[in-house]
Amino acid sequence: SIPFIQIPPIDDDASPPKTKVEQEFRHKLAHFERYSQRDVALFQSFRLRVVMEGMAASSPLDEPAVYRAFEILYQDLLPLRLAGRLIFKRLRYVVAMCVQARTDEIELLRSRTELSQS
């Protein structure tokens, strides 16, 4: 399936080297590439879906200027970076819980209906 958020690889020839903080920012966003649009659509939390859709909308593929602005802010403003780290940790946890809840629900339905995945 197509990732909901797509982070292009760093092209070392076309762009200046990324700082450690820029790489951290990129890595944090790239974590969410593993989720598809289908995954996000199944999140029960409307607020979480909105946050994920906003992250996808500012993808470097779709809005490189917006992405770069956030990357610079993350690098240059320590309070924003610290908050971003806390937000990422919480968001990663909440997304994982949503995915696990959906997986548990599927397994429960399989066991109750004796359906197997083929």
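**Figure 1. Phe25, Tyr67 and Tyr74 form an aromatic cluster in this predicted model**. Ring pairs link the three residues. Phe25 belongs to the α1 residues that meet α4. Tyr67 and Tyr74 are among the α4 residues in that contact. Across the whole structure, a search finds four aromatic pairs.

**Figure 2. Phenylalanine 32 pairs with tyrosine 35 in a tilted arrangement**. The ring centres lie 6.3 Å apart. The planes make an angle of 40°. Stacked pairs need planes under 30 degrees apart and edge-to-face pairs over 60, so this one counts as tilted. Phenylalanine 32 has a relative accessible area of 1% and is buried. Tyrosine 35 is also buried, at 9% relative accessibility.

Figure 3. Phenylalanine 32 sits in the loop between α1 (20-30) and α2 (37-41). Phenylalanine 88 lies in helix α5 (residues 78-113). The pair therefore ties together parts that are 56 residues apart in sequence. Phenylalanine 88 counts as buried, with 10% relative accessibility.

**Figure 4. Helices α1 and α4 pack against each other**. Two packed helices are described by the angle between their axes and the distance between the axes. Here the angle is about 125° and the axes are 9 Å apart. That makes α1 oblique to α4. Their crossing is right-handed. Helix α4 covers residues 64-76.

**Figure 5. Side view of the residues in the α1 and α4 contact**. From α1 come Val21, Glu22, Glu24, Phe25, Arg26, Lys28 and Leu29. They meet Tyr67, Arg68, Phe70, Glu71, Tyr74 and Gln75 of α4. By class, the contact has six nonpolar, one polar and six charged residues.

**Figure 6. Lysine 89 on helix α5 and lysine 28**. Lysine 89 lies in helix α5. This lysine counts as exposed, at 55% relative accessibility. The C-alpha atoms of lysine 89 and lysine 28 are separated by 9.2 Å. Along the chain, lysine 89 and lysine 28 are 61 residues apart. Lys28 is one of the α1 residues that meet α4.

Note on methods
Residues are numbered from 1 along each chain as its sequence is written. This is a predicted model: local features need pLDDT of at least 70, side-chain atom pairs count only at pLDDT 80 or more; totals for chains, interfaces and linings use all residues. Side-chain values use heavy atoms; hydrogens and water are left out. Rings of Phe, Tyr and Trp (its six-membered ring) pair if their centres lie within 6.5 Å; planes under 30 degrees apart count as stacked, over 60 as edge-to-face and the rest as tilted. Buried means under 20% relative accessible area, exposed over 50%, partly exposed in between (1.4 Å probe, protein chains only). Helices (H or I, at least four residues) and strands (E, at least two) are DSSP runs, numbered from the N terminus. Axes are lines fitted to C-alpha atoms, for helices over the stretch in contact, and angles run from 0 to 180 degrees between N-to-C directions. Angles under 35 degrees count as roughly parallel, over 145 as roughly antiparallel, 65 to 115 as roughly perpendicular and the rest as oblique. A crossing is left-handed if the near helix is turned anticlockwise from the far one by less than a right angle, and right-handed if clockwise. Contact means heavy atoms within 4.5 Å. Ala, Val, Leu, Ile, Met, Phe, Trp, Tyr, Cys and Pro count as nonpolar, Asp, Glu, Lys and Arg as charged, and the others, Gly among them, as polar.
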